[in-house]
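The tour goes from one selection to the next.

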Amino acid sequence: MGRVPNVTRADAPTLLRNPLAFIAARWTPDPRTLRRAALAALVMSVVIVVTGGAVRLTGSGLGCPTWPKCTDDSLTTTREMGLHGVIEFGNRLLTYVLCAAVGWAIVAARSQKPYRRSLTRLGWAQFWVVMGNAVLGGIVVLVGLNPYTVAAHFLLSSALIAVATVMWQRTREGDAEPRPLVGKAVVQLVWFLVAASVLLIAVGTVVTGAGPHAGDSSEVARMPVDWETVAKLHAVLAWIVVTLTFALWFVLKAVDAPRDPLARTRELFLILLAQGVIGYVQYFTDLPEVLVGAHMFGSCVMWIWVLRVLLSLRERPESAPQPHAVLAQEPATSASIAGPR
């Protein structure tokens, strides 16, 4: 990476009009920098889920009883609110760290040479999901931890993880048309696995919404279903996902598939086994908070690896530049920042 030149007073109008294009014209990140930026956004999307779970499991969901302020009179937590206020407000502050990570990914993607529009769009998609989930998190507080809004909050976080995972994978690939590495039957099997995983995560939110961890020490509404029955349904879906994963691994071995799909499937199978052990132990030990938190983290990791299995079924090599495209490539001058991208 070259040194970023100082911004002069003459550059100020252009910087204010289009800061991303201004930076892109003066900075080309190393490919490793882009991958690290995308990975940082993915890691933070998991961290925010785990810390949000810690808020609920410690009964701190209403540690800040209103939103966007922590109290009617204070933007931040106060001494009277104690540890619960600190935990809840700390989770809110982590949203800014997540925004910074996503912002770094957007800037790094926008500054790539040649320009990769698909990566920039994935970065902006993460930004808008984060903004939407921040507003939804505020609604969760304002409606007193209504379990349906809590479930929607988690599902939107899972969507953020999905977009971040795709962007991280795309930073490790080129922009040529994807080439399938396996047959259509295998791809269909993996899509069944993805659908079953989505259903597994959705039913998991119902277990949470009906279970004993309401997120606050006061009386909080729960979903009107028997949580133990839903937990058993959740376990059945988990076994379906495990079975589909094992079947996929067997099929990939039978057709002598490339190394990446096999490796990702094997890793997913081990993750699912570990997640299953945690799930059964927490069920038979009356849902201790530490194990529930570990299960939430495992859910995020499982979802990432399901998507990695799906994305491993094709490859996207670097696209060869065409002669006319080379001639039309934007010069790194102020002319390249005349309009937004």
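Select helix α3 (residues 31-57) and α10: their axes come within 10 Å and cross at roughly 155 degrees. Axes are lines fitted to C-alpha atoms, for helices over the stretch in contact, and angles run from 0 to 180 degrees between N-to-C directions. α3 is therefore roughly antiparallel to α10 (angles over 145 degrees count as such). This is a predicted model, in which local features need pLDDT of at least 70 and side-chain atom pairs pLDDT 80 or more, while totals for chains, interfaces and linings use all residues. Residues are numbered from 1 along each chain as its sequence is written, and side-chain values use heavy atoms, leaving out hydrogens and water. Helices are DSSP runs of H or I, at least four residues, numbered from the N terminus.

Next, show the side chains between this pair. Residues of α3 including Leu42, Val46 and Val49 meet residues of α10, among them Val292, Met296 and Ile304; contact means heavy atoms within 4.5 Å.

Now select helix α9 (residues 259-284) with helix α10 (residues 289-311). They pack at an angle of about 160 degrees, with axes 9 Å apart, and are therefore roughly antiparallel too. Leu268, Ile271 and Leu272 are among the α9 residues in this contact, and Trp305 is one of those in α10.

Finally, go to helix α6 (residues 147-170). Its 24 residues reach 35 Å from first C-alpha to last, close to the 34 Å expected (1.5 Å times one less than the number of residues). What caps its N-terminal end? Asparagine 146 does, with a side-chain oxygen 2.9 Å from the backbone nitrogen of tyrosine 148.

Note on methods
Helix = DSSP H or I, 4+ residues; strand = E, 2+ residues; numbered from the N terminus. Polar contact = N/O pair within 3.5 Å; in protein donor to acceptor, adjacent residues only side chain to side chain. Parallel < 35°, antiparallel > 145°, perpendicular 65-115°, else oblique.
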